[in-house]
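Please look over the sequence and the model below before reading on.

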Amino acid sequence: MSQPPVRVAIAGALGRMGRQMADAVQDDARLALAARFHRPGIVGEGLLSRDEALAMAEIVIDFTTPAASADLARVCAGRGGPALVIGSTGFDAAELADIADAAKTIAIVRSGSFSLGLNMLVGLVERAARALDPDDWDVEIVEAHHRHKIDAPSGTALMLGQAAAGGRGIELETVARRVRDGVIGARPAGEIGFAVMRGGSIIGEHSVRFCAEGELVTLSHAAGDRIMFARGAIAAALWVAGRPPGEYDMRDVLGLNN
Ligand SMILES: NC(=O)C1=CN([C@@H]2O[C@H](COP(=O)(O)OP(=O)(O)OC[C@H]3O[C@@H](n4cnc5c(N)ncnc54)[C@H](OP(=O)(O)O)[C@@H]3O)[C@@H](O)[C@H]2O)C=CC1
Ligand SMILES: O=C(O)C1=N[C@H](C(=O)O)C[C@H](O)C1
């Protein structure tokens, strides 16, 4: 017997990803678009209030801002659901703590990238970093995005940095160099550097460069269409429906964490 469609609400419905998500959910017979909502006070023309939307959904898919996502997680946990798929990036430590706290009560999948290829790349970066001696191989992460993006480095760049640091058995925060400007001195061994470019309509390009004397290994990914983020978020929504409380990531969804 076929399953009834999973009822999904879309947060930040007027945003780039919000619009892409609504189209993708409507095109997928496994899901029903139960509700769309945007900022408080913006209702009508197919948009419900947040409370109305949450009451109609089993899962909320949220690509908004760090503050809005952390608030949504608190609210969903406070009412015992729905479960959440969070794609927003740029969180600070307090916002991440709020989400972790909410995940004690509801199931949350959060990822800086819902791309299948990118999540596979994360595993490759971790393996390469484990294999290459940090005294000989410098790790630099280069990312480029469209002119509207508000956070830097991107959530994906930070995931890749965490993968490289994880491969070396260290915490990213202890070795990350997010900005360089002026006379900064020679590069310390072991640093993981980030370089950020913003312009035009670039959807998302990421490279991890392992640089040694006389050679360079580059692992890279380019996003050609936002639809693949939306499809990944749908896979996450289907996976998280009915899961116990906890904070999960896209590599859990894809079975890459086993
Ligand atoms: N994990 C992944 O795979 C991906 C993640 N992203 C991330 O998703 C986020 C959104 O990206 P994108 O769609 O391009 O950005 P947009 O700015 O187009 O969309 C975000 C939307 O959220 C709305 N918003 C802000 N506050 C609230 C609130 N309190 N309640 C409801 N809606 C709110 C904004 O409204 P307003 O316009 O009125 O300010 C805006 O329309 C970013 O953090 C981005 O990095 C993007 C693509 C893929
Ligand atoms: O803001 C975007 O557009 C994107 N944000 C995510 C990120 O910060 O990594 C994912 C993707 O690169 C697009």
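**Annotated binding site and overall fold**

Under "binding site", an unreviewed UniProt entry lists His-146, Gly-155 and Thr-156; such positions follow the numbering used here, feature names are shortened, and annotations may be inferred rather than shown by experiment. This is a predicted model, in which local features need pLDDT of at least 70, side-chain atom pairs count only at pLDDT 80 or more, and totals for chains, interfaces and linings use all residues. Residues are numbered from 1 along each chain as its sequence is written, while chains are lettered from A and ligands numbered from 1 in the order in which they are written.

**Gly-155**

- Gly-155 is found in helix α6, which covers residues 155–167 (helices are DSSP runs of H or I with at least four residues, strands are E runs of at least two, and both are numbered from the N terminus).
- Gly-155 counts as buried because 20 other C-beta atoms lie within 10 Å (buried means 20 or more around a residue's own, exposed 12 or fewer, partly exposed in between, with C-beta atoms placed from the backbone).
- Leaving aside residues up to four places away in sequence, Gly-155 touches Thr-89, Gly-90, Gly-112 and Ser-113 (contact means C-beta atoms, placed from the backbone, within 7 Å).

**Thr-156**

- Thr-156 also lies in helix α6, and is buried, with 25 other C-beta atoms within 10 Å.
- Beyond residues up to four places away in sequence, Thr-156 touches Gly-112, Ser-113, Leu-118, Glu-143, Gly-204 and His-206.

**Whole protein**

- The protein has nine helices and 12 strands.
- Buried residues make up 42% of its 258 residues.

Note on methods: Contact = placed C-beta atoms within 7 Å.
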